[in-house]
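Here are a few exercises to work through with the sequence and the coordinates side by side. Try each one on your own before reading its solution.

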Amino acid sequence: MALSSLSMPLPLARLPSTSKSSRFLPIRASSAAASASPSFDLRRYWTSLIADVEAELDAAMPIRPPESIHSAMRYAVLPGAGNEGTAKRAPPVLCVAACELLGAPRAAALPAAVALEMLHAASLVHDDLPCFDAAPTRRGRPSTHAAYGTDMAVLAGDALFPLAYTHIISHTPSPDPVPHAVLLRVLGELARAVGSTGMAAGQFLDLAGATALGEAEVMQVLTKKFGEMAECSAACGAMLGGAGPDEEAALRRYGRTIGVLYELVDDIRSASGNGKMRSNASVLRALGMDRALGIVEELKAQAKTEADRFADKYGDRVLPLYSFVDYAVERGFELQDAAATP
């Protein structure tokens with residue numbers, strides 16, 4: 001199957017080639033709007049959200065029969081004590097930030113944010129399986145199949161998908177402030193993102209075109225495999241926050257761009273021994289470090305352009321979106337450090 005038979009990757013405007021040293025990470029340029037409010041602390045914002053997400057995830061997955069499956073589900077979703085790879089919970093943060101940008105309460109988005117983390121964890125469990133990436137570790141400890149066996153890992157991933165949908169249905173405050181029609185749209189968006197034209201397509205493309213890929217093909221794989229979850233997260237937050245069509249479209253573009261940017265930076269970090277390459281479709285392998293760093297700049301500019309659309313109307317509420325872009329590139333803090341910040 002040709003790569004081009006699925007949806008097109010993110011459009012990238014070509015930048016003139018410059019030396020690698022001039023674009024070496026971290027890239028610290030920030031939007032003027034974000035720089036104007038240095039008091040905003042993404043680390044505190046992120047940590048406060050994670051506390052809410054972790055509590056709801058823990059309550060949503062009690063150990064009950066069959067205990068092996070539920071234990072594997074909890075292992076896949078909840079970080080272990082002292083785990084150096086503590087989950088960053090980027091999909092929930094992005095969902096809630098998009099919702100709060102529009103002035104809606106956090107409670108409207110929190111169940112969907114938790115569901116997104118369940119879906120994200122399920123996709124990672126399956127992605128790590130021997131038939132795909134064969135990853136022995138995840139977040140600083142054995143991956144789910146390494147700890148529980150391939151059979152339990154498959155079942156845990158399979159069970160997390162429907163749990164995500166039932167959690168949204170049973171916990172989202174509806175019809176006030178979330179109308180039933182919006183709730184249905186959110187469920188449809190989640191199904192689309194993980195389905196055969198979304199993340200599953202990305203996994204297929206990654207397997208089918210692991211070598212000899214050009215830039216367009218590599219970006220298509222990254223967009224499908226990693227951009228879909230981020231787009232879905234931002235889109236769900238937009239819907240739950242009451243976004244109009246133009247606002248939802250802009251947040252979709254923002255989220256998709258952030259997802260690819262985040263993965264591409266991980267790819268670059270892995271080349272210097274600071275991370276794990278998570279995709280066979282590597283911009284570094286296909287195009288080299290210089291072009292990869294150039295694409296990072298392009299994606300960063302695209303994401304901030306989308307965030308700029310909200311600055312006049314929503315003021316400082318756009319700052320989490322700006323800061324998220326910088327964090328995707330710089331990784332300027334670890335969540336363990338954030339949790340220790342008073």
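Predicted model: local features only at pLDDT ≥ 70, side-chain atom pairs only at ≥ 80, totals over all residues.

**Exercise 1. Work out how helix H2 and helix H15 are oriented to each other, and which residues make the contact.**

Start with the geometry: H2 covers residues 42–60, H15 covers residues 319–330, and the two pack at an angle of about 100°. Their axes are 10 Å apart. Angles of 65 to 115 degrees count as roughly perpendicular, so H2 and H15 are roughly perpendicular to each other.

Next, look at who meets whom. H2 brings Leu42, Tyr45 and Trp46, while H15 brings Pro320, Ser323, Phe324 and Tyr327. Sort the residues of this contact by type and you get 6 nonpolar, 1 polar and no charged.

Now follow the rings. Trp46, Phe324 and Tyr327 belong to one aromatic cluster together with Tyr262. As for Tyr45, the charged end of Arg106 sits over its ring, 5.8 Å from the centre.

**Exercise 2. Classify the aromatic pair of Tyr75 and Tyr148, and say what it ties together.**

There are 6 aromatic pairs in the structure. For Tyr75 and Tyr148, the centre-to-centre distance is 5.3 Å and the planes are 65° apart. Planes over 60 degrees apart count as edge-to-face, so that's the label for Tyr75 and Tyr148.

Then place the partners: Tyr75 lies in helix H3 (residues 67–77) and Tyr148 in helix H6 (residues 144–148), so the pair ties together parts that are 73 residues apart in sequence.

Buried means under 20% relative accessible area, so Tyr75 is buried at 18%, whereas Tyr148 counts as partly exposed at 27%. Finally, Arg141 lies over the face of Tyr75, at 4.0 Å from the ring centre.

**Exercise 3. Describe the surroundings of Val114: where does it sit, and what does it touch?**

Val114 is in helix H5 (residues 106–127), and at 0% relative accessibility it counts as buried. Leave out residues up to four places away in sequence, and Val114 touches Val53, Glu56, Leu57 and His167. For a distance check, take Ala60: it is 54 residues from Val114 along the chain, yet their C-alpha atoms are separated by 9.2 Å.

Methods:
Residues numbered from 1 in each chain as written. Heavy atoms only, no water. Axes fitted to C-alpha atoms, helices over the stretch in contact; angles between N-to-C directions. Helix = DSSP H or I, 4+ residues; strand = E, 2+ residues; numbered from the N terminus. Parallel < 35°, antiparallel > 145°, perpendicular 65-115°, else oblique. Contact = heavy atoms within 4.5 Å. Nonpolar A, V, L, I, M, F, W, Y, C, P; charged D, E, K, R; others polar. Phe/Tyr/Trp six-rings, centres within 6.5 Å; stacked < 30°, edge-to-face > 60°. Buried < 20%, exposed > 50% of the residue type's maximum accessible area, 1.4 Å probe, protein only. Lys NZ or Arg CZ within 6 Å of the ring centre and 35° of its normal.
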